[in-house]
Amino acid sequence: MIAHAPDASTEQLDQAIAAASRAFPGWAATPVEDRAAAVVALGGLIRDNAEELMTLLTLEQGKPRAGAEWEVFSSAIWCDEIAKQRLEPEVLLDNEERKVVTRYTPLGVVGAITPWNFPILLANWKIAPALVSGNTIVVTPSPFTPLTTLKLAELARDILPPGVFNVITGGDELGKHMTAHDGFAKIAFTGSTETGRHVMASAANTIKRITLELGGNDPAIVLPDVDPATVAPQLFWAAFQNNAQFCNATKRLYIHEEVYDAVRDALVEFAKGIKVGDGFDSDTGLGPIQNAPQYEIVKEFFADSQAQGHTFALGGEIDESLPGWFVPITLVDNPPEDSKLVQEEPFGPILPLLKWSDEKDVIARANDTQWGLGASVWGKDQEALERIAGQIEAGTVWVNEVRQSGPGQAFGGHKQSGLGCENSLHGLTEYTNWQTITVNKAADL
Ligand code: NAD
């Protein structure tokens with residue numbers, strides 16, 4: 001136990017929404033340059049308090065120092081960069097008779113619901129665009145990781161008017177009350193596809209705007225022309241960064257049969273050098289599973305692979321006597337395509353390695369999923385890389401890299417990985433209503 005966070009009542013949620021509603025007209029009327037400056041100032045406060053935020057993040061989430069540093073400083077960068085974005089009115093027509101302009105107006109009070117894998121970064125992906133575009137916001141972090149988000153609100157008190165940015169903590173029930181509440185104009189949600197379905201159904205009640213960033217089962221396709229020793233570390237981190245508790249983790253690794261054994265062996269060798277342990281130890285590469293329910297989910301994947309008689313190239317046994325939810329890095333050697341491990345999202349450090357030989361077939365296998373968040377393709381043959389990338393059904397397809405994303409780049413899922421997007425002007429637009437004003441200049445009334 002490291003801390004207690006309040007379990008807010010519905011009355012307290014009402015109070016938070018009321019505060020955000022009161023603040024909305026003044027904030028919406030504040031010039032965009034001033035709103036943007038406040039968001040930049042928030043980024044500055046994140047930098048000034050980075051040490052404390054990183055410690056809190058490792059404490060509450062378990063991620064090692066390097067991951068905490070990346071997340072905290074990325075949060076500040078997001079504030080800087082989203083603050084530069086502007087949705088200019090579009091003048092569609094302006095002549096002697098008529099003027100037609102489409103402009104973007106804020107929605108009102110936004111409710112943000114975030115997961116436990118990147119608590120502060122994914123909160124900032126919502127706070128920055130909501131505030132820049134003139135909305136006020138109530139953020140509910142995951143009950144498993146409330147601390148960095150609460151700290152952010154404490155910091156923001158010095159730079160934002162009361163009610164503009166609110167944080168309220170509680171259990172899953174709080175999220176349910178938020179999606180049903182008629183005080184929100186929009187719900188910006190990041191979490192599992194299962195919860196996303198509930199959010200969408202509940203938001204229908206008042207036709208709330210929604211952005212859904214949901215789960216994934218990202219495939220990576222490795223061509224026969226790779227150098228196994230060079231590509232293995234990159235593939236390893238594609239799959240295991242943040243202890244594989246990453247929406248965009250590579251969750252299915254398709255390796256061409258000509259290099260399958262060599263890539264598998266190089267992955268095993270590299271993985272053996274990565275220490276799983278306490279995020280505060282400087283030599284730790286991967287931390288624990290973040291929470292008990294997720295630990296149980298990951299254990300089910302291990303149990304299923306064992307029961308199905310899969311071959312483990314590395315790992316395969318969880319030592320439950322260890323204090324903490326530590327799981328060994330596990331590589332499963334070519335399990336059947338229809339196995340639980342290939343079909344579902346483990347969100348933990350167990351990865352299926354799969355063999356392929358025919359390009360059409362591997363593309364079909366990569367696309368044969370309800371999800372479509374991300375994907376990657378690895379190799380030397382540029383033509384083949386881009387040909388394959390262009391046929392994958394996913395919001396982002398990376399070639400010879402993963403998870404390169406930024407505030408200016410639209411991020412979102414195809415199929416059941418989500419609805420709408422975050423980041424870029426497309427993401428900013430989702431915090432606005434468009435409004436068209438047509439003026440009949442020739443009228444003489
Ligand atoms: P989750 O769906 O269990 O919870 C997410 C949030 O929703 C939490 O704050 C939770 O309290 C709240 N919640 C729970 N039930 C709710 C309900 N009925 N109505 C409203 N809110 C409710 O997800 P998680 O376990 O915290 O996160 C892991 C999942 O998130 C994975 O599936 C992962 O792929 C996904 N994820 C997606 C992205 C993305 O950008 N697409 C990013 C990170 C994580």
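**Ligand shell**

I began with the shell around the ligand and found that α7 gives the most to it, with 4 residues. I took helices (H or I, at least four residues) and strands (E, at least two) as DSSP runs, numbered from the N terminus. This is a predicted model, in which local features need pLDDT of at least 70 and side-chain atom pairs count only at pLDDT 80 or more, while totals for chains, interfaces and linings use all residues. Residues are numbered from 1 along each chain as its sequence is written, and side-chain values use heavy atoms, with hydrogens and water left out.

I next looked up which residues surround the ligand. There are 29, and the closest are D172, S192, T195, L214 and E345. A residue is near a molecule if one of its heavy atoms lies within 4 Å of it.

I then went through polar contacts, meaning pairs of N or O atoms within 3.5 Å; within protein, one must be able to donate a hydrogen and the other to accept it, and residues adjacent in sequence count only if both atoms are side-chain atoms. T195 has a side-chain N or O atom 2.7 Å from an oxygen atom of the ligand. For G191 I noted a polar backbone atom 3.2 Å from a ligand oxygen. E345 places a polar side-chain atom 2.7 Å from an oxygen atom of the ligand. Taken alone the ligand exposes 850 Å², of which the protein buries 91%; accessible areas come from the Shrake-Rupley method with a 1.4 Å probe, and for residues only the protein chains shown count as cover.

I also listed the elements that give two or more residues to the shell around the ligand: α7 (172–180), β6 (186–190) and α8 (193–203).

**Cysteines**

How many disulfides are there? I counted 0 disulfides, a disulfide being a pair of cysteine sulfur atoms within 2.5 Å. The sulfur of C247 is 14 Å from the closest cysteine sulfur, in C421, and therefore too far for a bond.

C247 is buried at 19%, and C421 is buried at 12%.

**Positive phi**

Most residues other than glycine have a negative phi. I looked for exceptions and noted A244, with phi near 65 degrees. A244 lies in the loop between α9 (228–240) and β9 (250–256) and counts as buried at 5% relative accessibility.

I noted N423 as well, which is not a glycine and has a positive phi of about 70 degrees. N423 is in the loop between β19 (418–419) and α15 (424–429), and its relative accessible area of 2% makes it buried.

**Two further residues**

Where is T369? I found T369 in the loop between α13 (359–367) and β15 (371–372). T369 is buried, with a relative accessible area of 16%. A polar atom of the T369 side chain lies 2.9 Å from the backbone nitrogen of W371.

Last I looked up L212, which is in strand β7 (residues 209–213). L212 is buried, with a relative accessible area of 2%. C-alpha to C-alpha, L212 and A16 are 22 Å apart in space, and in sequence they are 196 residues apart.

Key
Buried means under 20% relative accessible area, exposed over 50%, partly exposed in between (1.4 Å probe, protein chains only).
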